[in-house]
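User: I would like to learn how to read individual features from a structural model. Please take me through them one at a time.

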Amino acid sequence: MNFYADNVDISYGKNPIVEGLSFTIPEKKIVALIGANGSGKSTILKTMCRIMAPTSGQVILDGKSIHSQSTKELARKLAILPQNPESPEGLTVEELIAYGRSPHKSGYGRLNQKDEEVIAWALEVTAMQEFADRPLEQLSGGQRQRAWIAMCIAQDTNILFLDEPTTFLDVSYQMEVMKLLKFLNEKYQKTIVMVVHDLNQASMFADYVVAIKKGKIISEGPPEKVITAENCRKVFGVLVDIMVDRRTNKPLCIPYDNE
């Protein structure tokens, strides 16, 4: 995989959001985009997966601009889980996951044996077998998020984008989702790129962290390089103590008020 942004500018109307972004996504790693609200994290993520188009520059995947690739071709390479995805009322978990097979089908072709096997695998990997026939609206927040992740992995791509995957989940479900993503990365070598608000979750689960402020990358690299007291002051405008978690040897971020 060769996946990078080359001198990308992104605007909303006449308002520039990101300027001169050059950024390579490390293969088979979990990448966390961090930054304050309005910093451009979600905009960058959406541009990297072609939900948005850059005003200049280009995003290159496998040697070609993503905008020169067909929708179906790109959908076989990357999947995206946006914030707060919606589905028709009454749609079951298994029916949702089946939509993930769309890039591999011609027209309105029926599910074949390969599709059924992948759907069964996605249910198993996400521990959603017992909910296969359950409508999404009858699930808890964490179960619903696992169902959407199952749909994404049924798409059978090497790259998975997630925009704030733990938003509105309580801490137990947050950990459940993050551990699932870690499992998908380690077991199936999925490249995972996600916007994360919780710095300690980014530190605990990500291999590579990108800190963004006003559309520019302030720091990038492993958590111990990026999640520092100085970077937290620059990116978020807060004072923090950084400690090392003795169980993981990853940085722990503890905000404080010096007044």
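User: Which cysteine sulfur is closest to the sulfur of Cys253, and how many Å away is it?

Analyst: A disulfide is a covalent bond between the sulfur atoms of two cysteines. Here the criterion is a pair of cysteine sulfur atoms within 2.5 Å. The closest cysteine sulfur to that of Cys253 is in Cys232, at 3.9 Å, which is too far for a bond. A search of the whole structure accordingly lists zero disulfides. Before going further, note that this is a predicted model, in which local features need pLDDT of at least 70 and side-chain atom pairs count only at pLDDT 80 or more, whereas totals for chains, interfaces and linings use all residues. Residues are numbered from 1 along each chain as its sequence is written, and side-chain values use heavy atoms, with hydrogens and water left out.

User: Is Cys232 buried or exposed?

Analyst: Burial is judged by relative accessible area: buried means under 20%, exposed over 50%, and partly exposed in between (1.4 Å probe, protein chains only). Cys232 is buried because its relative accessible area is 2%. Cys253, at 9%, also counts as buried.

User: How many salt bridges does a search of the whole structure find?

Analyst: A salt bridge is a side-chain nitrogen of Lys or Arg within 4 Å of a carboxyl oxygen of Asp or Glu. The search finds nine. One of them joins Asp207 to Lys182, with an N to O distance of 3.6 Å. This pair links distant parts of the chain, 25 residues apart: Asp207 is in the loop between helix H7 (199-205) and strand S9 (208-213), and Lys182 is in helix H6 (residues 171-188). Helices (H or I, at least four residues) and strands (E, at least two) are DSSP runs, numbered from the N terminus. Asp207 is partly exposed at 27% relative accessibility, while Lys182 is buried at 18%.

User: Why are Glu230 and Arg233 separated by about one helical turn?

Analyst: The two are about one turn apart because they lie three residues from each other in helix H9 (residues 229-236). Glu230 is partly exposed at 38%, and Arg233 is partly exposed at 42%.

User: How many Å apart are the end C-alpha atoms of helix H4?

Analyst: The expected span of a helix is 1.5 Å times one less than its number of residues. H4 (residues 113-125) has 13 residues and should therefore span 18 Å; its end C-alpha atoms are 18 Å apart, in agreement.

User: Which residues of H4 are buried, and what covers them?

Analyst: The buried residues in H4 are Asp115, Val118, Ile119, Ala122, Leu123 and Val125. Their cover includes helix H3 (93-99), helix H5 (141-154) and H6.

User: What caps the N-terminal end of H4, and which residue with positive phi follows H4?

Analyst: Asn112 provides the cap, with a side-chain oxygen 3.1 Å from the backbone nitrogen of Lys114. After H4 comes Ala127, whose positive phi is near 55°.

Methods. Contact = heavy atoms within 4.5 Å. Polar contact = N/O pair within 3.5 Å; in protein donor to acceptor, adjacent residues only side chain to side chain.
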